[in-house]
Amino acid sequence: MNDASMTFDTVVVGGGPAGLTAAIALAEAGARTALLARHVPYADNRTTALLGASVDLLDRLDVWRRCRESAAPLKVMRLVDDTGRLIRAPEVRFVSEEIGLDQFGYNIDNRTLVAALEARAAELPGLTRVDDEATTVVPEDSVVAIVTRQDKTLGARLVIGSDGRQSLCRDAADIEVRRRDLHQAALTFNISHSRPHKNVSTEFHTPQGPCVFVPLPGNRCSVVWVAAPNEAERLMALSDEQLSEAVEKQSHSILGRTNVEPGRHKFPLAIERPTAIARNRIALVGESAHVVPPIGAQGLNMGLRDAADLAEIVREALGLGEDPGAAPVLQRYAAARRSDIASRTFAIDVANRSLLSDLLPVQTARAAGLHLIGAVGPLRRLAMREGLAPSWRI
Ligand SMILES: Cc1cc2nc3c(=O)[nH]c(=O)nc-3n(C[C@H](O)[C@H](O)[C@H](O)COP(=O)(O)OP(=O)(O)OC[C@H]3O[C@@H](n4cnc5c(N)ncnc54)[C@H](O)[C@@H]3O)c2cc1C
């Protein structure tokens, strides 16, 4: 690396919500940071149920005030067994007031969230924006060399791979990934409806996966409908009128008359677990580090915790005069993230498998587990707190 002006403490590769948050948090932590990402509008219509700690983080990073008006508070979460099976779980209601909170969090569309993150990133003097993409990433002894599509060269003591599922950075770090295709797909779209949602998010558990209605401001909800691939294909091909009818039926008309808004996307579901989260001066955040199905709104919430933890560890390292890409710093990051990622990936996998299983003992265990959570106050409150963030962080 001979161009000192293009050498940074940290270079963040990938400008999705996790990468943007990491870049802002790292610049705020005092690291000379570059964000290497295409400056393009967010491409799909997903929304994110941001749980408590994620909102606090966005507030601390001066992002939240820029998008809070577009977010709907989530006060109640209902889980409804819609499997139609012989053994069904009772309905479980999680109410935020029961754990002393006005709301569990807020649902916001990713486009608005990413625009607010972009606006904050553009203000930070310690954050250099490189509107390009990485084509090669090569870890060397004291620096990682990055070459971009437009043939620029960047150097970083630490590279943050927030480049999503097909992560070039993960390959460059020589980290393998275990991938399990779930043979399910999620359809995402938004609806308007005639009855108010009252800030209640409702998750119908069908034998093919959950169908979730998450409040947006006004009489609107975002829908994540998980189904077998061919059923998702069929739903995707319906007209707006036909899909409106289908989704109203699936919701058991709890929201009254339902109208599907234009625009829908389909995501094949998988669980992805890299064998390490950091190696060779490269740390992973967001979906390069973990992919889980959309159950319990955990994916990006975990990605934001990756970003927050990494920024704190880099802040401490720089304060102590340490090299932020050195192996002991990466080990601290791996230790900080291990339990959160492993335990949530496991819990989501078990919840998903128990829904899909035709085995009577599995259905009975699932029904009994949900019955216990629904009926036993302390257990229910524990489940709520753990759903928001790992208790050892609060
Ligand atoms: C249907 C569905 C519903 C979901 N709902 C929720 C929810 O309610 N709550 C929740 O917490 N999570 C949810 N998630 C998960 C959440 O959407 C993801 O965790 C999140 O979007 C991942 O963000 P990311 O920034 O890690 O990755 P991405 O958004 O994939 O960003 C990666 C970026 O890196 C860029 N990139 C790739 N390669 C390069 C390169 N070589 N150089 C430069 N840039 C590169 C890409 O263009 C992209 O912009 C849901 C997921 C699905 C599928």
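What share of contacts in the chain between residues at least 6 apart in sequence join residues at least 24 apart? The share is 73%, where two residues are in contact if their C-beta atoms, placed from the backbone, lie within 7 Å. The structure is a predicted model, in which local features need pLDDT of at least 70, side-chain atom pairs count only at pLDDT 80 or more, and totals for chains, interfaces and linings use all residues. Residues are numbered from 1 along each chain as its sequence is written.

The chain holds ten helices and 19 strands. These are DSSP runs, numbered from the N terminus: helices are H or I with at least four residues, strands are E with at least two. Of the 394 residues in the chain, 46% are buried. A residue is buried if 20 or more other C-beta atoms lie within 10 Å of its own, exposed if 12 or fewer, and partly exposed in between, with C-beta atoms placed from the backbone.

The largest nonpolar core contains 106 residues. Such a core is a set of buried Ala, Val, Leu, Ile, Met, Phe, Trp, Tyr and Cys residues joined through C-beta atoms within 7 Å. Ala22, Leu36, Val159 and Ala283 have the most contacts inside it. Helix H7 supplies the largest share of this core, eleven residues. Domain 1 (4-65 + 110-178 + 269-359) and domain 2 (73-87 + 183-268) both contribute to the core, so it lies between them. The domain bounds come from an automatic or database domain assignment. Beyond its neighbours within four places in sequence, Leu36 has contacts that include Val11, Val12, Val13, Val130 and Asp132.

Of its 21 residues, 17 are buried, so H7 is largely enclosed by the rest of the structure. At 1.5 Å a residue, H7 should span 30 Å; the expected span is 1.5 Å times one less than the number of residues. Its end C-alpha atoms are 31 Å apart, which agrees. Gly321 follows H7 and has a positive phi, near 75°.

Ile295 sits in the loop between strand S19 (282-284) and H7. Ile295 counts as buried because it has 22 C-beta neighbours inside 10 Å. Ile295 and Glu203 are 92 residues apart in sequence, yet 9.1 Å apart in space, C-alpha to C-alpha.

Most residues other than glycine have a negative phi. Asp62, not a glycine, has a positive phi of about 60°. Asp62 lies in the loop between helix H2 (52-60) and strand S4 (72-74). With 15 C-beta neighbours inside 10 Å, Asp62 is partly exposed. Asn280 is not a glycine either, and its phi is positive at about 50°. Asn280 occupies the loop between strand S18 (278-279) and S19. Asn280 is partly exposed, with 19 other C-beta atoms within 10 Å.
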